[in-house]
Amino acid sequence: MRSKIVAGNWKMNKTLKETEALLTELSAKRPDTEAEIIVAPTFVNLATAVNNLESSVIQVAAQNMHFAENGAYTGEISADMLLGIGIDTVILGHSERRSLFGETDDFLSKKVDTAMAKNMRVIFCFGEELQERQADRHFAVVESQLKNALFHLDASAWQKIVLAYEPVWAIGTGETASPEQAQEMHAFIRKTIDEKYGASVAQNVTVLYGGSVKPNNAEEIFSKPDVDGGLIGGASLKADDFVEIIKAI
Ligand code: PEP
């Protein structure tokens, strides 16, 4: 079922104390909303965040996980480890994982399969780089990212998929896709899904926009019909900014 979501990806930011302080501030300032609010702190602070938010509507997600059940994968985190501390939502395919850590569509499809097998929800990120947009290849790139990583799934699995279109040139750069560019791509994403799975899956999948969403541009971006919310990086690290973005939805 399509829902409104505002998710904060904290990346490799915030120590334990800083995490606790931000969660306390967020809980105090959180506006009433029907939208889901999700935060994704770094791995070492996830259990604290889950405990801290036990009686809160704010949910906790992981920023990544490995596809293997367990074993010799130094430095990695498994689905069961996340589930064991009460986390059933994971961000996969963030552009930083793709560009800095070499994660490919093929590799990501295995992670998606593990998440589905474990009944986890995936926030799946994808989006084109600047030169791909400049070469007018952005639709083709997005289509292939979706097809390569997700189109082997059964239609029923899509209930557990949230998409996050994040044009790489807009992430952490202060440059945002215009609301029209976001809407155009989100409509294309739904069309592409419709062609493969039909209208019901396409209309029910939640599609977030990510890339320099700030308090001053969130409302206009979120007002577009095919934009169901946002995945927020930098602006989710300050309670006041994140709260303003939540209010915008
Ligand atoms: C992100 O990293 O997912 C992101 C959208 O970052 P920012 O909001 O800082 O551009």
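Ala, Val, Leu, Ile, Met, Phe, Trp, Tyr, Cys and Pro are classed as nonpolar, Asp, Glu, Lys and Arg as charged, and the others, Gly among them, as polar. By these classes, the shell around the ligand holds four nonpolar, eight polar and two charged residues. The model is predicted: local features need pLDDT of at least 70, side-chain atom pairs count only at pLDDT 80 or more, and totals for chains, interfaces and linings use all residues. Residues are numbered from 1 along each chain as its sequence is written, and side-chain values use heavy atoms, with hydrogens and water left out.

The ligand is surrounded by 14 residues (a heavy atom within 4 Å), the closest being Lys 11, His 94, Glu 166, Gly 172 and Ser 212. Oxygen atoms of the ligand lie 2.5 Å from a polar side-chain atom of Lys 11, 2.7 Å from a side-chain N or O atom of His 94 and 2.8 Å from a polar backbone atom of Gly 234. Taken alone, the ligand exposes 290 Å² (Shrake-Rupley method, 1.4 Å probe), and the protein buries 98% of that.

Which residues of H1 are buried? They are Thr 19, Leu 22, Leu 23 and Leu 26, where buried means under 20% relative accessible area with a 1.4 Å probe and protein chains only. These residues cover an arc of only 100° around the axis (from the directions of the C-beta atoms), so they sit on the same side of H1. An α-helix has 3.6 residues a turn, so residues three or four places apart point the same way. The face of H1 turned away from the buried side carries Lys 17 and Ala 28, which are exposed (over 50%).

Conventions:
A polar contact is a pair of N or O atoms within 3.5 Å; within protein, one must be able to donate a hydrogen and the other to accept it, and residues adjacent in sequence count only if both atoms are side-chain atoms. Helices (H or I, at least four residues) and strands (E, at least two) are DSSP runs, numbered from the N terminus.
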